[in-house]
Protein chains: 2
Amino acid sequence: MTEPLFDKIAIVGLGLIGSSLARGIKKHALATTVTGFDGSADVRARSKDLGFCDSIAETVDEAVTDAQLVVLAVPVGAMAAAAQSIAPHLADGAIVTDVGSVKAAVVRQVADVLPAHAAFVPGHPVAGTEHSGPEAGFADLFEGRWCVVTPCARSTDASVEKVVALWTALGSTVETMTPEHHDIVLAITSHIPHLIAYNIVGTAADLEDVTQSEVIKFSAGGFRDFTRIAASDPVMWRDVFLNNKEAVLEVLGRFSEDLAALQRMIRWDDGQSLQDHFARTRAIRRSIIDAGQDTADADFGRPHGHDD
Amino acid sequence: MTEPLFDKIAIVGLGLIGSSLARGIKKHALATTVTGFDGSADVRARSKDLGFCDSIAETVDEAVTDAQLVVLAVPVGAMAAAAQSIAPHLADGAIVTDVGSVKAAVVRQVADVLPAHAAFVPGHPVAGTEHSGPEAGFADLFEGRWCVVTPCARSTDASVEKVVALWTALGSTVETMTPEHHDIVLAITSHIPHLIAYNIVGTAADLEDVTQSEVIKFSAGGFRDFTRIAASDPVMWRDVFLNNKEAVLEVLGRFSEDLAALQRMIRWDDGQSLQDHFARTRAIRRSIIDAGQDTADADFGRPHGHDD
Ligand SMILES: NC(=O)c1ccc[n+]([C@@H]2O[C@H](COP(=O)([O-])OP(=O)(O)OC[C@H]3O[C@@H](n4cnc5c(N)ncnc54)[C@H](OP(=O)(O)O)[C@@H]3O)[C@@H](O)[C@H]2O)c1
Ligand SMILES: NC(=O)c1ccc[n+]([C@@H]2O[C@H](COP(=O)([O-])OP(=O)(O)OC[C@H]3O[C@@H](n4cnc5c(N)ncnc54)[C@H](OP(=O)(O)O)[C@@H]3O)[C@@H](O)[C@H]2O)c1
């Protein structure tokens with residue numbers, strides 16, 4: 001047995017990510033004790049029943065006291081409040097990290113709230129599903145995925161090292177970058193895809209000529225893939241867009257320009273340009289599969305009953 | 001044993017759909033003989049090796065002669081040429097059907113080319129994967145999916161009945177509508193999702209601030225779902241957009257308007273409207289899962305190693 005990385009870890013926010021983290025930390029024995037806390041009494045009760053933490057605290061100070069590492073796993077818009085709630089109770093030299101999907105805004109909101117003796121190492125595991133809440137979590141969520149760590153003025157080398165060691169032990173590969181660069185990379189790889197998925201599902205719901213039941217029946221033509229990520233938590237995503245406004249609006253501008261170009265090709269029957277555009281996107285798919293970030297099986301390997 | 005529905009079926013075009021059809025027809029014994037033909041000598045040779053047809057014809061007239069049913073399974077832009085090539089060889093009273101993803105344009109291009117003694121029943125199985133070619137096909141592709149049949153002036157009641165019986169026997173549920181209505185329904189459930197997926201993958205490839213390798217690494221944040229359908233066949237999709245121009249441009253206009261509204265909510269920090277919009281799209285996801293058109297498993301049931 002190797003030594004656990006931390007004596008006590010406190011996780012604040014026990015949804016998909018917080019509960020997956022707790023499960024992964026227990027599975028790999030990365031802490032002697034994992035204590036969980038959530039703002040919602042209902043989530044605390046369910047988490048107690050699920051039993052993925054050593055203990056569920058009834059107050060945030062009980063959770064945080066004596067913890068060497070505190071993980072903030074609440075929606076981005078709740079990070080400032082969560083940081084304020086833990087600040088007075090942090091052990092001397094405690095490390096605080098977070099898992100928020102936006103980084104520059106979290107650094108702005110959290111860094112100044114924490115006492116001088118604590119270190120802050122912002123992080124973002126690029127792993128998730130469309131489900132939320134403590135029941136949705138599982139230990140291997142971070143296995144084979146990337147985790148971005150974005151050191152800031154409040155990070156020390158030692159604290160960054162320990163947070164990187166945690167994610168590595170959970171099976172993730174860690175990449176370090178600035179909070180600002182993180183926000184533009186995630187705008188294109190995650191935030192805009194979610195915005196567009198939410199948008200098209202809304203457009204479909206509002207068409208007068210097509211009934212809801214037709215949309216549902218014929219969704220296997222492509223639409224259903226978009227509905228998966230459009231089923232993600234509304235509060236989490238509201239907070240992402242409000243807190244990564246600049247990068248999202250910039251990438252969205254590019255997306256709309258490019259879409260206008262495709263629209264024009266269709267309007268003017270420019271088949272060659274359409275075909276050229278469609279052909280160049282295949283290489284990216286191949287690279288994503290080669291990098292182990294998706295399955296090559298047709299239809300994501302959805303059950304189809306292949307049997308010939 | 002029940003009687004096969006047809007004596008001889010000829011399939012013209014042996015890609016994903018044509019070869020899946022041949023496999024399904026053999027599996028369910030829906031014809032005494034299935035003969036295949038493809039414009040490409042290479043595809044004919046590979047199809048012969050794969051052995052999913054009783055025979056692969058070297059010429060289209062050999063394939064079509066004596067067939068009671070001829071299925072056109074070529075890209076939409078090749079339907080007119082395929083119809084011309086079969087027309088002189090059609091048996092008296094033969095039924096011609098197609099599987100094209102667009103219907104009004106196919107009816108316009110095909111109906112007049114066929115001899116008066118033949119019937120034409122346009123169809124579209126709403127089932128597919130991102131892969132193409134004869135190797136990608138499988139017998140159960142149509143199982144549990146919808147198939148749209150769009151009778152036209154050249155359809156007779158008897159011919160429609162036989163085509164419906166074929167799809168039903170393959171496990172599909174058939175819905176009948178006009179070609180024009182089909183084209184608007186499929187514009188929102190399939191064509192626009194593909195256009196948008198192709199577009200965002202292109203936008204990602206062109207950003208200066210984000211490297212290709214970053215896009216690939218962090219694609220699990222949502223982007224990778226879009227790359228799946230953006231890996232579909234460029235020729236097939238070029239033809240879809242060129243042949244369903246009006247409906248695509250109309251729905252695209254709505255999509256862009258709705259996206260502009262979301263953009264404005266972000267710009268003006270209107271969190272409540274964002275959250276409301278994101279909340280209403282969840283119900284559609286639930287209905288699609290309840291209707292058996294997708295899996296409820298997190299991440300489409302992608303292998304994640306759930307084990308707790
Ligand atoms: N879901 C993903 O795919 C994903 C992936 C990577 C990163 N992230 C990030 O991870 C974080 C958590 O996301 P999640 O999906 O795990 O969310 P979730 O399932 O909705 O869970 C969040 C939990 O935090 C609780 N909470 C809110 N404010 C709190 C506070 N001030 N103190 C204590 N608990 C509080 C919530 O309780 P209430 O319900 O009572 O508010 C809820 O139980 C977010 O910042 C998100 O951006 C998510
Ligand atoms: N893929 C889907 O998800 C899906 C779903 C539902 C419906 N559809 C429709 O089904 C049809 C076929 O799509 P697919 O995915 O099966 O395409 P595919 O895998 O690309 O196969 C099409 C085959 O037709 C051949 N072909 C082209 N012109 C021909 C002609 N005049 N005569 C004989 N063969 C010809 C092609 O040969 P070459 O390669 O030499 O051109 C190719 O082998 C399209 O109309 C499409 O819109 C597709």
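## Two copies, one axis

In this predicted model, a rotation of 180° with 0.0 Å of shift along its axis places chain A on chain B, with an RMSD of 0.0 Å. Copies are superposed by least squares on the C-alpha atoms of residues with pLDDT of at least 70 in both. That is the relation of a two-fold axis. The same surface serves both copies: 99% of the contact residues of chain A (contact means heavy atoms within 4.5 Å) recur in chain B.

The model is predicted, so local features need pLDDT of at least 70 and side-chain atom pairs count only at pLDDT 80 or more, while totals for chains, interfaces and linings use all residues. Residues are numbered from 1 along each chain as its sequence is written, chains are lettered from A and ligands numbered from 1 in the order in which they are written, and side-chain values use heavy atoms, leaving out hydrogens and water.

## Across the chains

Helix α10 of chain A (residues 234-243) meets helix α12 of chain B (residues 271-280). Helices (H or I, at least four residues) and strands (E, at least two) are DSSP runs, numbered from the N terminus. The two axes come within 9 Å and cross at roughly 140°. Axes are lines fitted to C-alpha atoms, for helices over the stretch in contact, and angles run from 0 to 180 degrees between N-to-C directions. α10(A) and α12(B) are therefore oblique to each other. Angles under 35 degrees count as roughly parallel, over 145 as roughly antiparallel, 65 to 115 as roughly perpendicular and the rest as oblique.

On the α10(A) side, the contact uses P234(A), V235(A), W237(A), R238(A), F241(A) and L242(A). On the α12(B) side, G271(B), L274(B), Q275(B), F278(B) and A279(B) take part.

## Within chain A

Helix α11 (residues 245-267) of chain A packs against α12 (residues 271-280) of chain A at about 140°. Their axes lie 9 Å apart. That makes α11(A) oblique to α12(A). L262(A), M265(A) and I266(A) of α11(A) touch S273(A), L274(A), H277(A) and F278(A) of α12(A).

## The sheet

Chain A holds an open sheet of eight strands, in the order β3-β2-β1-β4-β5-β6-β7-β8, with mixed pairing. Two strands pair if DSSP finds at least two bridges between them. The edge strands, β3 (55-56) and β8 (173-176) of chain A, each pair on one side only. Strand β2 (residues 31-37) of chain A pairs with β3(A) in the parallel sense, over two bridges. G36(A) stands opposite I56(A) in β3(A).

Helix α6 (residues 157-169) of chain A packs on the sheet. Among the strands that α6 touches are β1 (6-12), β4 (69-72) and β5 (95-98) of chain A. The direction of α6 makes about 25° with that of β6(A).
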